[in-house]
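Here is a short note for someone opening this model for the first time. Please keep the structure in view while reading the points.

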Amino acid sequence: MYKRDERPDIILITGFTDFRCGINSLTMKLIEEFDLDPFGNCLYVFMSKSKDKMKILYWGGSGFWLLTYRLEEGKFKWLKNKDTKKITHEQMEWLLNGLEIEPKGYIKEYKRSVIL
């Protein structure tokens, strides 16, 4: 059992999900396709094929939460391969703001092996 004050992990279920699925179908998908524990302290994030709707499944300790988020305009930047990906809370914020979760513009940290 997890403590309620711990921040949940965020797991993207990449690829696309049939949005007619409800709690039972999504939990079975987690177990059968990805061998994940739907009762863990995780937010499981699913995306519609149109990339304008997102569902988040979360076990609240005594029942499931199923949240749906629909964009009125635009599309989410989503990973197409069918897999799972753990992301940070910051990356989730980027995703919700229409940004990519793996920005390409970072300057890489330089590490010197010898001091001159």
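1. Cys42 is buried, with a relative accessible area of 11%. Buried here means under 20% relative accessible area, exposed over 50%, and partly exposed in between (1.4 Å probe, protein chains only). Note that this is a predicted model: local features need pLDDT of at least 70, side-chain atom pairs count only at pLDDT 80 or more, and totals for chains, interfaces and linings use all residues. Residues are numbered from 1 along each chain as its sequence is written, and side-chain values use heavy atoms, with hydrogens and water left out.

2. Cys42 sits in strand E2. Helices (H or I, at least four residues) and strands (E, at least two) are DSSP runs, numbered from the N terminus. Not counting residues up to four places away in sequence, Cys42 touches Pro8, Asp9, Ile11, Leu57 and Tyr58. Contact means heavy atoms within 4.5 Å.

3. Cys42 and Gly60 are 18 residues apart in sequence. Their C-alpha atoms are 9.8 Å apart in space.

4. Now the helix. Which residues of H1 are buried? They are Leu26, Thr27, Lys29, Leu30 and Phe34. Down the axis of H1, these buried residues fall within an arc of 150 degrees, so they line one face of the helix. The arc is taken from the directions from the helix axis to the C-beta atoms.

5. The face of H1 turned away from the buried side carries the exposed residues Asn24 and Glu32. Cover for the buried residues includes strands E1 (9-13), E2 (42-47), E3 (53-59), E4 (64-70) and E5 (84-87).

6. Just after H1, Asp35 takes a positive phi of about 55 degrees.
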